[in-house]
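Please consider the sequence and structure shown below before reading the report.

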Amino acid sequence: MAMNIMSTTGCLLEMCDERFELEDYQGGVPRWCTGCGDNAILAAAQRLCRDEGLRPEKTVFVSGIGCSSRFPHYMKTYGFHGIHGRALPVAEGVKMARPELTVFVNTGDGDCCSIGAAHWIHAVRYNMNLTVFLHDNKIYGLTKKQASPTTPIGTKSNTTPRGSYLEALNPLTVTLGVQNVSFVAQAVDWIPEVLFDIVKAAYRHKGLSFIRIVQRCPEWLPDMFEPWMRDPDKVQLLHHDDGLQFSASLSRLYKNQLRHDPSDLNRAREIASSLEPIPVGILYRNPDVPCYEDLLRSDKLRTPELTRAVLDAEFDKYTIRPQGSEKMQA
Amino acid sequence: MSIPNSLDIPRSKARPPARKAAVKLKEHIVEIISDSGEGAQKCGQLLGAIAAHTGNGIWTTEIIPAEIRPPARSVAGASGNRIRIGSGRITNGGEETDLVVAFNEQVLLGRLRAKELKPNCTILLESIWRTHVDPKIAASYIEVHDRLVAAGYNVHEVPMEQECRAVVADARRGKNMFALGMLCHIYSLEMRLAADQIALAFGKKDQSVVDANVKLLQAGYKWAQTNLDFCYSIPAARPTEPQIVVNGNTALALGVVASGMEICAMYPITPATSASHYLSEIFSKVGGVLHQAEDEISACAFAVGASYAGKCAVTITSGPGFSLKQEAIGLAVMGEIPLVVVNVQRGGPSTGLPTKMEQGDLMAAIFGSHGDAPKVVMAPGTIEECFYSIITARKIAETFNMVVVVLSDAGLATSQQSFPRPQFSETWMAPPVDQSPVPDGAKPYDWDDATGLARRFVPGRPGGMHTLTGLAHDRDSHVAYDAEINEQSLRARSLKLAALQKTLKAPPVYGDRKGDLLVIGWGSTKGAIEEAVGTMRADGHKVSSLHLQFLQPLPSGIKEIMQGFKKVMTVESNWSDRPQDGIIDETNRRYSSLAILLRSRYLVDIDCWSEVKGQPIKPGTIRRVMSEKLKQ
């Protein structure tokens with residue numbers, strides 16, 4: 001923090017000259033492999049926190065289990081590194097209890113699309129105001145190379161030595177198929193400029209922002225991402241006045257661009273189905289979908305006075321009074 | 001004596017009501033049973049409420065088939081309510097039934113086969129089946145009726161539907177209020193109170209619904225007055241202070257409101273769900289949130305997240321859901337996140353007996369989740385304790401940063417009992433979330449060497465930023481695989497249980513502190529055990545009982561209490577091997593859960609007796625068990 005305004009006075013007022021630096025968000029030294037796409041996601045998240053001036057103590061990163069889920073340890077905000085597949089329900093609980101906190105979720109293709117798949121579907125439906133990073137490296141990394149739901153068919157792994165049997169699950173089409181979906185985007189770790197723009201748009205969206213980030217795993221799938229990285233035309237950037245706009249320098253390299261209106265759900269589903277080229281940008285955004293926490297939380301404060309009044313009213317319904325003091329029995 | 005069948009009964013002008021002297025009773029057990037959806041449960045609930053308002057002690061037990069719509073007129077389909085009405089305080093469902101109102105003979109057979117009716121039970125049986133167009137149904141009715149009469153049951157045929165038809169168009173749906181009217185006459189209950197309760201029960205509906213039901217009530221009353229040659233009165237001792245009458249699940253939900261907890265996450269499961277139904281009606285009025293999650297795991301993880309964020313949360317479930325939550329419970333133990341988990345136990349394992357009572361989850365509650373996962377386990381023994389245990393559980397959870405499991409069961413869940421109306425105290429509620437800056441140098445897991453307790457940094461506290469992890473961690477919450485740190489943290493989490501144990505008092509002994517036999521129980525069996533002990537003591541036996549509300553940790557002083565008795569045994573509703581089975585001996589007998597705990601804790605040869613019939617254990621059964629044990 002540029003100025004520690006809290007330490008001496010205990011003053012909680014936000015001061016206008018308060019600024020945060022990247023170091024204010026940098027926690028432990030990342031222990032991801034060299035070249036791992038997670039590093040790019042971490043850089044984007046830290047830059048977002050700084051640029052948006054997020055107070056570290058009011059920010060929570062919640063994760064599950066896997067390489068991606070080590071993420072909170074490398075932030076200097078509050079963090080919750082929980083159990084496999086359950087990052088979303090934990091984050092929902094945090095947000096429901098404390099809507100004033102900014103909550104991010106880090107989850108992987110195993111964590112989100114396999115063991116936690118039920119929570120993923122329902123998190124989209126709840127549409128709580130969370131920003132979800134799906135770190136999709138198409139393989140189980142921490143447990144050493146087993147096929148995940150997003151592993152392309154035919155990929156050899158330790159559990160599929162003769163090649164994986166099933167077609168890969170497409171996290172974008174699945175998410176876009178859920179009622180109440182409000183924000184879906186796709187990023188790739190090797191275009192950090194666009195990754196950051198997407199993360200920023202996701203953060204600013206009120207509702208569940210789901211970003212699938214195609215993320216390299218140099219350890220287990222060193223060749224998987226090569227073709228896309230070598231040939232920029234295999235990446236299709238989505239641009240729109242209501243979506244992302246790209247710099248001239250970026251557009252010189254990535255010529256394959258498509259104008260896509262993020263409010264068009266059907267078109268978003270079509271684009272999401274494309275495996276080659278892979279679409280990068282905001283596929284869908286609908287700011288009008290209500291957030292579950294706004295629907296569920298009442299404006300009542302949990303005070304002793306209110307509790308006493310409500311309890312007494314409930315007890316009245318079930319009360320039997322001694323003779324003589326026969327008041328109305330509700 | 002049985003009255004003439006329906007065809008012979010004059011509908012309107014009956015003989016002038018004979019003056020019947022009401023026979024005074026100390027207590028009676030009444031059942032109303034029907035096919036599902038015919039309203040016997042409503043009738044029973046209302047009878048219980050009327051008797052309670054009269055000042056009688058009551059205990060009501062729901063009779064619930066496992067299916068929503070079992071086939072009509074089926075033995076397994078009996079649905080209804082059983083009400084024990086007494087002069088004084090009633091603490092359990094008691095013995096077999098004295099009087100039953102049955103809407104058909106098949107559901108009655110179900111109760112007969114379950115051995116739930118006293119040998120000379122009075123039966124009021126709907127007689128419409130006698131002349132049913134289907135000759136098979138008529139024959140079945142006549143056969144059952146004649147057998148019951150021959151077996152010595154006091155059978156009265158009642159043309160309920162026929163009588164109701166004179167009052168309302170849909171007579172089949174009105175029978176339950178007609179039955180209620182009959183029962184009001186039989187037990188000399190005030191019709192004004194009955195009409196009040198009907199107004200309360202149907203108040204949300206149209207006034208015409210209330211009026212129709214009151215008419216049916218009056219018709220039933222009149223019919224019984226005219227046609228039955230008996231009636232009773234159960235003198236009521238009016239309570240001196242206001243009482244409330246609720247069932248165990250309602251008491252749990254009221255406890256959640258009173259505890260100050262703000263978030264309840266659940267997934268529908270029998271028999272826990274009605275607590276959440278009730279909570280969903282009232283929780284938002286106090287700023288609470290009831291979240292119906294997509295599954296049990298999510299419900300628990302959601303509660304863990306809310307608790308982590310500073311609002312101690314509760315998740316309410318039953319057996320199978322409790323199994324599913326275990327990993328998330330372990331996470332809360334590891335992260336030292338306060339959490340209240342309510343398990344309304346049912347018959348197990350697996351799907352087991354979803355609607356029936358069992359105390360089978362004690363070991364799962366104490367030892368559940370992999371690794372060493374110490375947590376607090378408590379069990380309410382009465383409906384009143386269902387209410388207060390949630391308040392206590394929340395306090396312990398937040399004081400010790402621990403998971404507290406509250407074990408209720410299907411017996412308590414749907415049973416109603418009266419208890420003194422609670423007086424709200426602000427001390428029941430959770431304090432506001434601490435948002436003060438964390439002192440310099442403070443660590444999130446600064447385990448106290450003596451008690452294992454550590455402070456907790458909730459998001460929002462400046463300077464307290466750390467990442468909570470389910471991995472082994474050091475005092476800074478940094479991942480640590482170091483052998484020494486691992487043992488330090490295990491020690492700290494275990495010491496907290498001992499620290500709590502130091503604050504617990506030994507439970508009171510029911511009866512003398514010395515004698516021939518001490519019966520130890522836990523949970524919903526409290527009323528039945530104490531009633532049995534009371535009766536035995538009145539007969540001169542030197543028996544006492546001890547009921548444990550805290551199962552983990554066990555309070556100190558229990559060993560000293562046990563030493564005052566020649567024999568000690570537990571009475572529980574979970575499986576224990578029967579010594580009479582040829583293959584069972586001391587080297588392989590599996591004891592009941594509490595017996596295992598007490599034997600291992602105190603190195604005392606404690607015997608056990610258990611019954612797992614899906615029904616609350618009856619006081620008479622416990623008396624027989626104690627008598628046999630005394631003779632050994």
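## Basis and confidence

This is a predicted model, in which local features need pLDDT of at least 70 and side-chain atom pairs count only at pLDDT 80 or more, while totals for chains, interfaces and linings use all residues. Residues are numbered from 1 along each chain as its sequence is written, and chains are lettered from A and ligands numbered from 1 in the order in which they are written.

In chain A, pLDDT stays under 50 over residues 1–11 and over residues 324–330. Where pLDDT is low, the predicted coordinates should not be read in detail.

## The sheet

An open sheet of 10 strands, with mixed pairing, runs in the order β8(A)-β7(A)-β9(A)-β5(A)-β6(A)-β4(A)-β3(A)-β1(A)-β2(A)-β17(B). Strands are DSSP runs (E, at least two residues), numbered from the N terminus, and two of them pair if DSSP finds at least two bridges between them. The edge strands, each pairing on one side only, are β8 (257–259) of chain A and β17 (467–469) of chain B.

Strands β1 (residues 59–63) and β2 (residues 78–81) of chain A pair in the parallel sense over 4 bridges, and Ser63(A) stands opposite His81(A). β2(A) also pairs with β17(B), in the parallel sense over 3 bridges; there Gly79(A) stands opposite Thr467(B).

## The contact between chains

Chain B contributes 66 residues to the contact and chain A 52, where contact requires C-beta atoms, placed from the backbone, within 7 Å.

Terms used:
pLDDT = per-residue confidence, 0-100. Contact = placed C-beta atoms within 7 Å.
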